[in-house]
Amino acid sequence: MNILITGGSGYLGGILVKYLQQNHNIGLLTRRPISYFDNILEEIIIDFNNPTPVRLSHQYDLFIHIAGANEIDSQDYQTALNGSALSTRICIDICNKNNIQKFIYFSTFHVYGKSSGEILPSTPINCLNDYAITHFFAEEYVKMAKKQFDIDYIIFRLSNIYGAPIHAFIDRWEIVPNCFCKEAFETKQITLRSSGKQHRDFLSINQLLFTLKHYIQSFSNNANKIINCASGTSRTIFDIATITKQVYETRYNTKCTINVLSQHPTESAHLIIDNNDIQLIIPTSNNEFQTAINEIFCVLDSK
């Protein structure tokens, strides 16, 4: 299958490109040249803030849109709009003009606006910031594409994805547990600026890759669906810091200290995201976090 992907220079996109290359032919739409992928069908440079007409040299079966403004970038609302919503509209136009009839969009569970309690497929949308609402706008563009151009879609609403980047220079070290690994690696300490009692749903890169593989293979049977990509369980931030500390100390035979700078929040309700669509697909392991954290340290060792 020929797959055209955006976001290949980013944290998640780079991992997915590397994985999908094992069984598919990949083309890239990217904002800057990427030197670390071999055997790419074509690489097209595009500026979503000032797009020019895109001419594809190959016919593609599927478009995967991963590029978008992250939580940090989205603190500027114009960056959020351009990076998430408007970029999606441009990608849809590319699909329409190049007869690409299948579209996968990576959105976020933040569109629900909940950090505790239960999130079901029926949970109302409640966007609380520009990061969430611009992803929701993008989802609406994707659904509009089905109505206007008959482009089938699958939307993945991702929970907190974690795992090693393909290179240490990919700048997503602010996410948990990557930030804990980096700080431990550099200072032998992990700093929590809160109590760490907040609950989060974490889905490993490995689990996400299995999910993506399944839905690419069964796209026709799952077309025009929105999928919650989540583990279905939650852990506290302090739990993740503790696992990171244990892996670090075992790996490097060196002590690591956890510094908790606040007692707030004093408690936090569990966050449970309904993942019925993928719970039989994703691999589960008692040492999923330990394996992923070791892989993150491997990347840091390579710097």
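H8 gives the most to the lining of the second largest pocket, with four residues. Helices here are DSSP runs (H or I, at least four residues), numbered from the N terminus.

A word on the model. It is predicted: local features need pLDDT of at least 70, side-chain atom pairs count only at pLDDT 80 or more, and totals for chains, interfaces and linings use all residues. Residues are numbered from 1 along each chain as its sequence is written, and side-chain values use heavy atoms, without hydrogens and water.

Back to the pocket. On a 1 Å grid over the protein atoms alone, a pocket is an open set of points with protein on both sides within 12 Å along at least five of seven lines; lining residues have an atom within 4 Å of a point. This pocket's volume is about 360 Å³, meaning the space filled by probe spheres set on the points; the probe is 1.4 Å.

Which residues lie nearest its centre? Ala-164, Ile-205, Asn-206, Leu-209 and Glu-295, out of 18 lining residues. H1 (11–20), H5 (205–217) and H8 (288–301) each supply at least two. By class, eight are nonpolar, seven polar and three charged. Nonpolar covers Ala, Val, Leu, Ile, Met, Phe, Trp, Tyr, Cys and Pro; charged covers Asp, Glu, Lys and Arg; the others, Gly among them, are polar.

Now H1 and H5. They pack at about 55°, axes 11 Å apart. Axes are lines fitted to C-alpha atoms over the stretch in contact, and angles run from 0 to 180 degrees between N-to-C directions. The contact (heavy atoms within 4.5 Å) includes Tyr-11 of H1 and Lys-213 of H5. It has eleven nonpolar, no polar and one charged residues.
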